[in-house]
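Take a look at the structure below. This short report walks through a few of its parts, one at a time.

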Amino acid sequence: MIGFRSIGMALGLLVASLLTASAAETGDWQEVLAKARGQTVYFNAWAGDTQTNDFIDWVGREAENRYGVSLRHVKLKDTAEAVTRVVAEKAAGREEGGSVDLIWINGPNFLTMKKQGLLFGPFASHLPNWRFVDIADKPSNLVDFTIPVDGYESPWRMAQLVFVFHSARTPLPSLPKSMKEMLGWATEHPGRLTHPDVRNFLGATFLKQALYELADDPKLLQTPATEETFATVTAPFWAWYDKLKPLLWQGGNEFPNTGPAQKQLLSDNEIDIAISFNPSEAAVSIQNGTLPDTARVYVLDGGTIGNTSFVAIPFNAAHKEGAMVVANLLLEPEIQARAQDPMTMGNFTVLDLDKLDAAQRQLFERPADAVGLPTNAELGTALLEPDPSWMTRLVAEWQMRYVR
């Protein structure tokens with residue numbers, strides 16, 4: 001049996017071979033630094049989370065201080081906003097001087113841009129800090145929602161679906177440990193469960209997690225959905241959701257727009273379980289006072305969906321060099337360690353800590369006062385994301401069935 005490490009090493013070699021051919025395109029790094037100085041990078045990134053926004057602001061100050069690169073956070077509600085802009089610019093013949101320099105991107109949006117030739121690169125392995133990236137034990141650094149990255153994206157943080165709860169109000173043993181059990185739990189506790197709107201990625205991920213567990217053959221989710229497989233694989237899911245929906249908060253007729261909105265419902269004692277893609281959600285929320293110090297996270301017994309967050313550069317970006325400098329900065333060990341600190345974001349690193357020196361590794365030690373922060377062992381198995389076509393179809397079908 002081929003393990004994740006072998007797959008990662010093989011993909012790493014493949015990516016390395018592909019990237020060698022593009023050396024002329026990205027140029028010498030010192031030349032990149034020289035050209036980047038004075039540039040302003042328009043970083044189009046989701047802005048629904050205060051901690052992430054603050055982190056991006058801090059990275060911007062570091063980019064300015066270290067490299068003379070200004071960073072402007074173009075705050076998005078949905079990454080598709082930036083993708084649509086790049087698509088429109090290409091249609092209009094704007095091959096240079098585009099309005100988007102860097103995008104926080106994943107999954108279907110990456111697939112769209114890759115298929116349509118809207119990305120600059122390959123560039124990722126030319127970043128000096130690429131040498132620290134874990135390409136052996138974190139295969140999601142090389143495969144984005146089953147789509148090979150091929151150097152057109154650079155990783156910057158890991159995420160995994162977790163469930164947030166109030167341990168003083170609902171002890172862990174009383175909570176469901178699978179999506180099947182969640183239906184029984186919701187029956188006993190009507191109105192105490194919900195998920196974000198499915199147009200939000202967290203809402204869509206809730207659906208995917210359920211699909212993963214309820215599908216007779218979840219391996220099919222690693223291949224593009226077809227009319228036949230979609231109907232067959234999703235049938236148990238729809239039967240499950242039809243029973244669950246009336247048991248949800250507000251009778252399943254309303255949904256919080258975002259993850260933070262759902263967390264507020266948990267804080268207000270309107271629901272008992274919230275979902276997050278940040279394993280440090282409880283620890284961070286305790287630190288910033290949005291949840292009590294009894295908040296905790298847990299994962300389901302069969303594992304939960306995990307993925308890597310990436311940044312990419314559009315083909316017509318006006319400031320490609322500056323964008324590469326920012327992508328490289330996001331891979332700096334001290335920047336990664338700050339991102340993992342619950343005081344900032346609490347996002348787990350994309351780096352291989354064995355590649356760091358002792359002083360750098362020490363930066364990643366869990367703070368003694370990090371209440372609510374899980375260990376790697378407690379997070380269990382991270383399931384690979386399904387092919388993007390499943391999420392697209394699942395959300396569309398959900399809206400057709402349940403939106404009036």
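In which helix does T205 lie? T205 lies in α8, the helix that covers residues 201-214. Keep in mind that this is a predicted model.

Is T205 buried or exposed? T205 has a relative accessible area of 3%. Buried means under 20%, so T205 counts as buried.

Now look at the contacts of T205. Leave aside the neighbours within four places in sequence. T205 is then in contact with L161 and F277.

## An open sheet of three strands

Next comes a sheet. Three strands form an open sheet in the order β8-β7-β9. Their pairing is antiparallel. The edge strands are β8, residues 273-276, and β9, residues 295-298. Each of these edge strands pairs on one side only. From one strand to the next, the twist averages 35°.

How many bridges join β7 and β8? The two strands pair over four bridges, in the antiparallel sense. Strand β7 spans residues 162-166.

Helix α10, residues 259-267, lies across β7 and β8. Helix α10 runs at about 155° to β8.

Strand β6 covers residues 154-160. Why is β6 described as largely enclosed by the rest of the structure? The reason is burial: seven of its seven residues are buried, so the strand is largely enclosed.

Which way do β6 and β10 pair? They pair in the antiparallel sense, over six bridges. Strand β10 runs through residues 304-312.

## M113 in helix α6

Finally, find M113. This residue sits in helix α6, which covers residues 107-115. The relative accessible area of M113 is 0%. The cut-off for buried is under 20%, so M113 is buried.

Which residues does M113 touch, not counting those up to four places away in sequence? They are V83, V86, I103, I105, L118, L119 and P314.

One distance is worth checking on the model. M113 and E153 are 40 residues apart in sequence. In space, they are 11 Å apart, C-alpha to C-alpha.

How values were computed
Residues are numbered from 1 along each chain as its sequence is written. This is a predicted model: local features need pLDDT of at least 70, side-chain atom pairs count only at pLDDT 80 or more; totals for chains, interfaces and linings use all residues. Side-chain values use heavy atoms; hydrogens and water are left out. Two strands pair if DSSP finds at least two bridges between them. Axes are lines fitted to C-alpha atoms, for helices over the stretch in contact, and angles run from 0 to 180 degrees between N-to-C directions. Contact means heavy atoms within 4.5 Å. Buried means under 20% relative accessible area, exposed over 50%, partly exposed in between (1.4 Å probe, protein chains only).
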